[in-house]
Amino acid sequence: MEVIHKIGRRKTAVARVYVAKGKGNITVNKKDMAVYFPTATLQYKVNQPIAMTNNDGNFDITVNVYGGGITGQAEAIRLAISRAMCEVDAENRGILKPEGLLTRDPRMVERKKFGQKKARKKFQFSKR
């Protein structure tokens with residue numbers, strides 16, 4: 001098996017994932033995943049597709065991620081890893097699809113409008 005390259009996106013975060021046979025090491029931007037994602041919730045999100053397909057410790061994963069916040073980056077990585085797991089074995093699609101791990105979340109931040117404080121919030125109106 002050669003290296004599998006997949007891309008995942010969430011909000012403005014973009015993750016490029018490279019999956020190869022290995023011992024289960026996950027490297028994010030040249031740091032260990034536990035260092036890059038300190039909370040257990042974010043680590044769970046990244047590991048979710050690997051655990052669901054019973055591939056713990058089978059692949060070394062290298063990730064380059066940029067843009068967005070830490071949660072958006074974790075979810076972008078999750079989508080990219082899910083896509084890679086489907087390419088490893090087509091049967092994994094039946095496991096990941098019902099959980100919604102192969103769906104690109106289309107929600108983006110709404111732009112700020114002129115004459116308003118934010119996207120929907122208006123400036124406060126005073127009668128004085």
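In the predicted model, the axes of helices α2 and α3 come within 8 Å of each other and cross at roughly 10°. Because angles under 35 degrees count as roughly parallel, α2 is roughly parallel to α3. On the α2 side, the contact is made by L42, K45, V46, Q48, P49 and I50. The residues contributed by α3 are I70, T71, A74, E75, I77, R78, I81, S82 and M85.

Helix α2 spans residues 40–52 and has 13 residues. The distance from its first C-alpha to its last is 17 Å, close to the 18 Å expected at 1.5 Å a residue. A kink of about 45° lies at V46, shortly before the proline P49. Both V46 and P49 are buried, as are L42, K45, Q48 and I50 of α2. In an α-helix there are 3.6 residues a turn, so residues three or four places apart point the same way. The buried residues of α2 are covered by elements that include β3, α1 (33–36), β5, α3 (70–88) and α4 (92–96). After α2 comes N54, with a positive phi near 55°.

The strands of the model form an open sheet of 5 strands in the order β1-β2-β5-β3-β4, with mixed pairing. Its edge strands are β1 (4–10) and β4 (31–32), each of which pairs on one side only. Helix α3 packs on this sheet and touches β1, β2, β3 and β5. The direction of α3 makes about 145° with that of β1.

Strands β1 and β2 run antiparallel and are joined by 7 bridges. Within this pair, K6 stands opposite V17 in β2. The two strands form a hairpin with 2 residues between them. K11, in the turn of this hairpin, has a positive phi of about 55°. The relative accessibility of K11 is 42%, a value at which the residue counts as partly exposed.

Strand β2 (residues 13–21) also pairs with β5, in the antiparallel sense and over 8 bridges. V14 has Y66 of β5 as its bridge partner, and V17 is partnered in β5 by V63.

Strand β3 (residues 26–28) runs parallel to β5, and 3 bridges join the two. The bridge partner of I26 in β5 is I61, while that of T27 is T62. Beyond β3, in the loop between β3 and β4, lies N29. The phi of N29 is near 50°, a positive value in a residue other than glycine. Most residues other than glycine have a negative phi. At 26% relative accessibility, N29 counts as partly exposed.

Strand β5 (residues 59–66) has one covered and one uncovered face. F59, I61, V63 and V65 make up the covered face, whereas D60, T62, N64 and Y66 lie on the uncovered one. In a regular strand the side chains alternate between the two faces of the sheet.

Leaving aside neighbours within four places in sequence, R10 is in contact with G72, E75, A76, R104, D105 and R107. One of these residues, E75, also belongs to the α3 side of the contact with α2.

Notes: Residues numbered from 1 in each chain as written. Predicted model: local features only at pLDDT ≥ 70, side-chain atom pairs only at ≥ 80, totals over all residues. Heavy atoms only, no water. Buried < 20%, exposed > 50% of the residue type's maximum accessible area, 1.4 Å probe, protein only. Helix = DSSP H or I, 4+ residues; strand = E, 2+ residues; numbered from the N terminus. Pairing = 2+ DSSP bridges. Expected span 1.5 Å × (residues − 1). Bend = angle between axes of the 7 residues up to and from the residue. Contact = heavy atoms within 4.5 Å. Axes fitted to C-alpha atoms, helices over the stretch in contact; angles between N-to-C directions. Parallel < 35°, antiparallel > 145°, perpendicular 65-115°, else oblique.
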